[in-house]
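Here are some notes on helix packing and the chain contact. Please read them against the structure.

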Protein chains: 2
Amino acid sequence: MNKFKRNERIAAMTQILVNSPNKVFTLTCFTDMFAASKSTISEDLVIVKEIFENQKLGKIETITGAAGGVKYIPIISKEKKKHFVEQLQSELSKPNRRISGGLIYLGDILYDPSYAQQIGSIFAEEFLNRHVDCIVTVETKGIPLALQTAHALNVPLVVFRNTFKADDGPTISIHYPSSSGGSLKTMYAPKNAIYKNSNVLIIDAFMRGGGTLVGMRSLVKELEANVVGTGVLFEEITGREKAVEDYFSIFTIDPRKSSEHVRIQSGILKKSVLE
Amino acid sequence: MNKFKRNERIAAMTQILVNSPNKVFTLTCFTDMFAASKSTISEDLVIVKEIFENQKLGKIETITGAAGGVKYIPIISKEKKKHFVEQLQSELSKPNRRISGGLIYLGDILYDPSYAQQIGSIFAEEFLNRHVDCIVTVETKGIPLALQTAHALNVPLVVFRNTFKADDGPTISIHYPSSSGGSLKTMYAPKNAIYKNSNVLIIDAFMRGGGTLVGMRSLVKELEANVVGTGVLFEEITGREKAVEDYFSIFTIDPRKSSEHVRIQSGILKKSVLE
């Protein structure tokens, strides 16, 4: 006889799985916790899996074999993505967001914990099958999105910097050309943070010309690792060609359309893993 | 007759609550979702509440009245805190973390998504009853901890900066003295990000003399808001008095003790809300 009831086990396992996305928990971890048999735990997990699919709450994946177990993959339903896109479109179209130089104020959005979590899940879903070993961003505004992408994929985050401080430890640095002008900028990476031949996913908040992304890719190359994907939240339409190809952007911003309204589009609603 | 079984409702509600800590969900939200009565949903929630308490998975809190509902408060059990403290102590004591100038390399720890989540929950628990309206940090290394504290408390994050960029929008800035020397530094805050008279919780990764915290407090004061708490992950023992009083630090680092080993202590195990 089991010490815990089925709905108690289900509540506890759901908390543990949802709290640590993409982390594999062995069945033994749960059989020990609840003094229950593997078949009992498996039956519990089938119930969780089915209701998550039914209610579009993400995916419960069972991994068979020696390194087997179960994990939770956060996937945002198409309805929630639609709501998210509409919410951001309406937020970004507010005239009081326009600042000098045709720019849009994004600070509050980029640092909003709920937006960052949703954006991180969208990036994680997009790059789920790229065997990502770590996330890279460059300070400052992309850090929340990159952190939540790393959290959703259960991999470390490495932050490149434009300055070099005393407590950064040994770094590798490069110069890279700014895509807006001819000036050279500097970017620093912690020397031992990325393993050789590992798979790196680059995440940033904003892309205008793509110069910063070129800099990040060069620095990853210097560390002898591979860039397996690039995700940006906002891509600005500038009329000029971007310095990088092969990237995924959630929003396209065209600030030239009107001085009053910004045109923001998103292609992420076209697809969804759960459909 | 209900469309969903009790254990299905429990799995779905647990996912929704755990995914958005400290966010109040009305019972109506769940009665609509599952075509179930309020009393049925309340009974479901009692089961979740009890197993969470039993297994130390955090707290389910029911709020009565017009603005009532239910929310999940992430609380890390004493056992997990002990494990976290021991893990970090052993990690930080590794000799290869020592860098020039008696400093310790912390980059990988500060950007680790799992550590950041745990640290955020510890800060959130510590300041749960301070009626926090928003979290403030200063770029760069404190951002992940501050973001996860904001996520755990379901409040916005505001990031102060030491530089002023074109897309930062209107800012308020101050000069503040560095506590290590006589030089003046500059700190910028977004002008409209913090409401007048709101309650601000300051979170940072590291405190040596406390000069940066003084700067942050001055800037919050300029914005006519109140500092209701200050949390730092690492406090360094310098032998000199700190420039601030009344703060909560998770770890104390004494790098003077030995050139080989860093002494790291933590007082957070003394108390735990769930006990």
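Axes here are lines fitted to C-alpha atoms, for helices over the stretch in contact, and angles run from 0 to 180 degrees between N-to-C directions. The model is predicted.

1. Start with a helix pair across the two chains. The axes of H7(A) and H6(B) come within 9 Å and cross at roughly 105°. Angles of 65 to 115 degrees count as roughly perpendicular, so H7(A) is roughly perpendicular to H6(B).

2. Which residues meet in H7(A) and H6(B)? From H7(A) come A:Leu147, A:Ala150 and A:His151; from H6(B) come B:Pro113, B:Ala116 and B:Gln117. The contact of H7(A) with H6(B) has four nonpolar, two polar and no charged residues.

3. Now the pair within chain A. Helix H6 (residues 113-126) and helix H7 (residues 143-153) of chain A pack with their axes 7 Å apart, at an angle of about 55°. That angle makes H6(A) oblique to H7(A). The crossing of H6(A) and H7(A) is right-handed.

4. H6(A) brings residues including A:Ala116, A:Ile119, A:Gly120 and A:Phe123 to this contact. Among those of H7(A) are A:Pro144, A:Leu145, A:Gln148 and A:His151. By class, the contact of H6(A) with H7(A) holds eight nonpolar, six polar and no charged residues.

5. Finally, the chain contact as a whole. Chain A gives 45 residues and chain B gives 45 residues. On the side of chain B that touches chain A, the largest share, ten residues, comes from H1(B). That side of chain B divides into 27 nonpolar, eleven polar and seven charged residues.

Terms used. Residues numbered from 1 in each chain as written. Chains lettered and ligands numbered in written order. Predicted model: local features only at pLDDT ≥ 70, side-chain atom pairs only at ≥ 80, totals over all residues. Helix = DSSP H or I, 4+ residues; strand = E, 2+ residues; numbered from the N terminus. Parallel < 35°, antiparallel > 145°, perpendicular 65-115°, else oblique. Left-handed = near helix turned anticlockwise from the far one by under 90°. Contact = placed C-beta atoms within 7 Å. Nonpolar A, V, L, I, M, F, W, Y, C, P; charged D, E, K, R; others polar.
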